[in-house]
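Subject: Structure handover

Hello,

Here is the structure for you to look through. Please open it beside this email and follow along.

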Amino acid sequence: MTVPGLRVAVVGSGPAGLYTAEAVIRQATADGIDVAVDVLDRLPTPYGLVRYGVAPDHPSIRSIADYLKRVLEHPRVRFLGGLCFGRDVTRDTLLACYDAVVYATGAARDRRLRVPGEELPGSAAAADFVRWYCGHPDSDPAMFHLDATAVAVIGAGNVALDVARVLAKPATEFGATDMPEPVLAAFAASRVEQIHIIGRRGPAQARFTTKELRELGELPGADITVDVAQADLDGFDAEPDRRVRGNLAVISDWAGRPARGCPRRVAVRFWQRPVEILGTDRVTALRVERTRPDGSGQVTGTGEYAEFPVQLVLRSVGYESVPLPGVPFDERHAIVPNAEGRVLDTDGTPRPGEYVAGWLKRGATGVIGTNKSDAAQTVRALLADRGAGVHRADPAAPPLPDLLADRGVRPVSYQDWLGIDEREHENAAALGRGERVKLSGWDELNRASGRQGARTARSSR
Ligand code: NAP
């Protein structure tokens, strides 16, 4: 078998990883380079946040998986799932087996709020709530019960909108989605009536995108309110950008809108910063302080406090990347230090053959499509380095799957993933629920992928 002229490993099969694989194939082929790309993932399932982050009621965003599927099915791309970086495969092994390694593991950790009461039962990261309703195998299906009648969602970004919308919708709206059965049952039993979305700055500074914001006001079973005194519509610049102008139109429409008597209510509250999550055994209220602009784009407290009785607090204040073993990490910005995707060592020099893409490269910002141009930039750097003779894989190193086989580790293949995919379609048909119902938990995934009994990410954790 001939060895390809360029062997690339991409760590992470979410949008950043798969757009990177696509860009490598496209740019290398255009340069006449014979290329092969292995895409590794810790999970036995591909697509990262498209599968385990995008809300189940957003099928058009989920359909990005159809596009990414074509990348995975490209003859020069191979999926190696169920491999945990740092345990099943190390940086050194990858650098020996491949000319270049691209880290694209996203942002797995929630940012902390750093207020008293954050650890109380009933206070959870929105990231965990999202993973739960998306059926992530690391998430216990019994993790959330939705027995709260009032919920505070802290943060004014798109994740806060997703979480608030999913809580505000009737469970019947999820019947035809891929939500796992136990999660759907929890939503059917939900007692939630009141949802507060808490923004520490004003509406002009909120991170919402307009389409997602508008959607929240169009839910049939939920009233949406914005206190006119908190909307501060004058805070919008004369010439704000398109997104902010769009948000202004939506929020102006909501401000002072009379309630229709819907079973659920969503209150969007601006200029409120959380100061404490109250409760003894579990959350009973959220204490906030009214804020005002400090003149530098941030806020300062006014000394005016309020308490909202809530039994569930979902902290939705952004995601952070986690360090990868052996790979430099900038703790302050929670990214891998890089120059246009080239991983930089602690002294600021590029590490030969190591690259980064997506949220791990730039922080948890942008929509899924942002990762396409981001990946293209990283791949341009990678190919320029190849031209300059920077890469240095060990020509005698065996292919990674052979090396893993010697250690008794069998990755999940694309065919194995198709086994899971098929089971999920069968599940939906049997339950009379849409096109797919996700399997939940490692055991179900391992059974469906035919890896029962094999060494898996879970069994060896
Ligand atoms: P985000 O957009 O960064 O929003 C985080 C929010 O939390 C901001 O309003 C921020 O306020 C607030 N915040 C941060 N620290 C806080 C604190 N200590 N106290 C109170 N509030 C605090 O993050 P995200 O919502 O997690 O979204 C992550 C990325 O995924 C974004 O790029 C988002 O657009 C994307 N996403 C897109 C979609 C979609 O397109 N449908 C869906 C979900 C996520 P400040 O602005 O004042 O810092």
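First, a term you will need. Helices are DSSP runs of at least four residues, numbered from the N terminus. Keep in mind that this is a predicted model.

**The ligand and its shell**

Which helix gives the largest share of the shell around the ligand? Helix 7, residues 158-168, does, with 3 residues. In total, 22 residues surround the ligand. The closest are A156, V159, R200, R201 and G366.

What kinds of residue make up the shell? There are 10 nonpolar, 7 polar and 5 charged residues. At least three residues come from domain 1 (3-108 + 321-460), and at least three from domain 2 (111-318).

Now look at single atoms. A backbone N or O atom of A156 lies 2.9 Å from a ligand oxygen. V159 places a polar backbone atom 3.0 Å from an oxygen atom of the ligand. R207 uses its side chain: a polar atom there lies 3.1 Å from a ligand oxygen. Taken alone, the ligand exposes 920 Å², and the protein buries 86% of that.

**Helix 7**

Stay with helix 7 for a moment. Buried means under 20% relative accessible area. By that cut-off, 9 of the 11 residues of helix 7 are buried, so the helix is largely enclosed by the rest of the structure. Which ones are they? The buried residues are A160, L161, D162, V163, A164, R165, V166, L167 and A168.

Just along the chain is another place to check. D178 sits in the loop between helix 7 and helix 8 (181-188). D178 is buried, with a relative accessible area of 11%. What joins the side chains of D178 and R62? A polar contact of 2.4 Å does.

**The nonpolar core**

How many residues does the largest nonpolar core have? It has 100. V37, F129, Y133 and F187 have the most contacts inside this core. Helix 1 (residues 15-30) gives the most to it, with 8 residues. Like the shell, this core takes at least three residues from each of domain 1 and domain 2.

**Two backbone angles**

Y47 has a phi near 90°. That is a positive value in a residue other than glycine. Y47 lies in the loop between strand 2 (35-40) and helix 2 (48-52). Is Y47 buried or exposed? Y47 is buried, at 6% relative accessible area.

E340 also has a positive phi, near 50°, and E340 is not a glycine. Find E340 in the loop between strand 16 (338-339) and strand 17 (342-344).

**Distances across the model**

- Y103 and P309 are 206 residues apart along the chain, with 43 Å between their C-alpha atoms. Y103 is in strand 4 (residues 100-103). Y103 is buried, with a relative accessible area of 0%.
- V226 and T45 are 181 residues apart in sequence and 40 Å apart in space. V226 belongs to strand 9 (residues 222-226). V226 counts as buried, at 4% relative accessibility.
- D99 and D66 are 33 residues apart along the chain, and 29 Å separates their C-alpha atoms. D99 is in the loop between helix 5 (91-97) and strand 4. D99 is buried, at 13% relative accessible area.
- M143 and A104 are 39 residues apart along the chain, and their C-alpha atoms are separated by 28 Å. M143 is in the loop between helix 6 (126-133) and strand 7 (150-154). M143 is partly exposed, with a relative accessible area of 38%.

Find A156 and V159 among the closest residues.

Best wishes

Key:
Residues numbered from 1 in each chain as written. Predicted model: local features only at pLDDT ≥ 70, side-chain atom pairs only at ≥ 80, totals over all residues. Heavy atoms only, no water. Near = heavy atom within 4 Å. Polar contact = N/O pair within 3.5 Å; in protein donor to acceptor, adjacent residues only side chain to side chain. Areas by Shrake-Rupley, 256 points an atom, 1.4 Å probe, with all protein chains shown as cover. Nonpolar A, V, L, I, M, F, W, Y, C, P; charged D, E, K, R; others polar. Domains from an automatic or database assignment. Buried < 20%, exposed > 50% of the residue type's maximum accessible area, 1.4 Å probe, protein only. Core = buried A, V, L, I, M, F, W, Y, C linked by side-chain atoms within 4.5 Å.
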